[in-house]
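Student: I would like to learn how to read the contact between two chains. Can we go through one together?

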Amino acid sequence: MSTILHEPAIFTEDPFDPAVIADPYPFLARLREAGSVSYLEATGSYAVAGYEEVYEVLTDFETYSSAGGLGPRDIRKDEAWRPPSILESDPPIHTVMRRALTGVINPGTVRALRGPFTPPAVELTTALAKLQGFDAITDLAEKYPLRVFPDAVGIPEEGREHLLPYGNMVFNAFGPENYIFKQAFAQGDAHAAAVMKSCQRESMDEVGFGAQIWAKVAEGLISEQQATLLVRALLSAGVDTTIFGIGNTLSVLARYPEAWAQLRKNPSMAKFAVDEALRLESPFQKFHRTVAVDTVLGGVKLEAGTKVLVFLGAANRDPRKWGEDADSFSLDRSSSGHVAFGMGLHQCVGQPIARMEMEIVLQQLLERVQTIEPAGAPVPIIHNVLRGFESLPVSITAAR
Amino acid sequence: MPVTAPSFAPATIDTVIEAVEHPAQSVASLVLRRSDGQQFPAWEAGSHIDVHLENGLIRQYSLCSSRQSLSELRIGVLRTPDSRGGSAHVHDALRAGETLRISAPRNNFPLVDSRKYLFLAGGIGITPIIPMLEAVEAAGRQWVLYYGGRSRDTMAFARELEATYGTEKVKIIAEDVEGRLNLQEILGMPRAHMLVYACGPGGMLGAIEDFCMGWPPGVLHTERFVANDLGAGGNTEPFEVELSLTGTTVTVDTHQSILEAVEQAGARVLSSCRAGLCGTCETRIVSGEAEHRDAALTEADKDAGEVMMVCVSRAAAGCSRLVLEL
Ligand code: HEM
Ligand code: FES
């Protein structure tokens, strides 16, 4: 029983360089090829980009802890202790919060939302199909989740304008405190205060996910503080990610006209198209874990306390897992096992909602739009960990 | 313990019983030395020996001594009430100083190298696990043992293991204090690069096999210490699934999930965790009854029986054909 150990590949390129962020895939391919585990000089952390190692880190929550936070610093060493969110916790703290959340968001409760989630998509796509072109981000991807998701949580109208900038802050903090981070935090306090207000029990309607989470306090499962944190987790994790998910799917399909035609013939394939687009253009590209005990990963020794940057988006394009055509979209591929929603203990609670929102928008668009193609260069968002576009101009022909 | 007879008669070794100890209620532990004073041949973790008893019976017992000292071997024997005399004979008739003929150690439960291990032992099933712990500890692997039993005084070597490796790694779960091993909690979350080694009664192993459905293939290694006690841990029988959208019928084998079987037959099902956790593979049941093994559906949804998670759930016992909307 012996494993040959080797040193990590030393990697000098900075994954948080805006040029890399704008066009990440050549960089990610180099990182994957450099070795199973690399050491990133720019951030002083280890990096994993191959499917096998990423899967291992995600599914081994005992060795790779979330309690140190998903950013580059170990938040347990911060002076000001704050109660950990679900994303930043390990069992047993994680267990109660996760149980409270899955009691509220589960296949059954999400199924019931298909009804109310459909009309806004019909309305939006009907109006857009009358045009010769539109911006798939600002006219559709950004509009739809905001029409349905805050209502499902049950927060007041007032203050909803803070949701996007707040989500932007929370996620950018999973990267270093660079220029991108500072931009996102420019009016940080105002956004945070407004969103925290929306999370209070008094702010909730009586039926939404928010009210149901607060009901878990009455049942004695979680504390009031945890309820606030859980509603906040939904509000920060549930909007941007889905916007990017919808936008990225359309950015891919606009480049694959045969796939669009095939989907028009067989709209029940929409969910597979969404899944494959999530693999190819994963909205949540990367985050950190903290090594909890000395361990070995991909033949490299990792010491307790160090950070590992986990590249979900790179794992989802690893040719060793997906084949030589990993960088292209294929409706015939089974994308099962991709890690766009993570894997294991922290795998996305909102997965069924996100998938449903994406599928509904795509199906409604397929019904009304005969062809869709790019009408100009898409503008990528410069974001530390999320992948998406600020603008995606498309031209369309309406279905008759 | 394996009951298949070897195709050749293994070399026998004459031994002297050095000591008979009672490490737990109804458990006898025999320490054996070679009559000729030589060392025993080197053996691998997981090995057992045949013990030739005076009354003509041959019984297999796992070795639970340290492989570092080949001057002695140790076995642990549980007295089983319905035994055809094997374990009763060991308990009642064998005394220190007597001779005992055994076979050379053989291994049907080999330890495969991995970076991480999860060991699960039920009762006397701890015995083959003990040398495994020694081996993985020496090799610096990550491991944890869950050892369940009725009560501490029935659990052989429990204290010894805790003292050697610490309670971080050795989790003793006595049923009278903490209830049964919570297999759902221990195995609910598949891990990468972790092998599961389990030894215990058939019922426990059946349940472990069920919970390991969502783990990567090949991670589970089991040894049943009572070969004929295959106690049912739910429906493991093959059954048929009809795909209502295409009319195709697929047989789901014992060691296969519905998801695997229908994918092999060319049907497409959306899936993600393949472990009954995420809810992505939810499939509508047209007719038939499911045995739900997932952690995604609420109890109310499970009772309603309209949908199921095909990555782990199966047909209920007595339902030989499920019709699914696929
Ligand atoms: C396409 C859209 C989405 C993507 C790509 C996405 C991605 C992810 C990923 C990768 C994780 C795992 C993080 C980790 O392992 O540390 C996660 C966790 C989480 N997501 Fe999502 N998500 C999406 C939509 C949503 C929605 C709509 C919600 C809310 C309803 C949501 C709520 C959460 C929560 C609460 C967690 C934390 C779970 C835990 O720590 O146990 N997400 N998400
Ligand atoms: S694939 Fe996750 S529950 Fe079946």
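**Reading an interface**

Tutor: Start with one pair: Glu56(A) and Lys116(B) join their side chains in a salt bridge, 2.8 Å from N to O. A salt bridge here is a side-chain nitrogen of Lys or Arg within 4 Å of a carboxyl oxygen of Asp or Glu. This is a predicted model, where local features need pLDDT of at least 70, side-chain atom pairs count only at pLDDT 80 or more, and totals for chains, interfaces and linings use all residues. Residues are numbered from 1 along each chain as its sequence is written, chains are lettered from A in the order in which they are written, and side-chain values use heavy atoms, with hydrogens and water left out.

Student: How many salt bridges are there between chain A and chain B?

Tutor: Six salt bridges are counted between chain A and chain B.

Student: Which helix gives the largest share of the side of chain A that touches chain B?

Tutor: H3(A) does, with four residues; helices (H or I, at least four residues) are DSSP runs, numbered from the N terminus.

Student: How is the size of an interface given?

Tutor: Often as the accessible area lost when the parts come together. Buried area is that loss with a 1.4 Å probe, summed over both parts. Chain A and chain B bury about 2700 Å² between them, with 48% of it on carbon and sulfur atoms.

Student: How many residues does the contact take from each chain?

Tutor: Contact means heavy atoms within 4.5 Å. Chain A gives 37 residues and chain B gives 32 residues.

Notes. Buried area = accessible area lost by both parts, 1.4 Å probe. Helix = DSSP H or I, 4+ residues; strand = E, 2+ residues; numbered from the N terminus.
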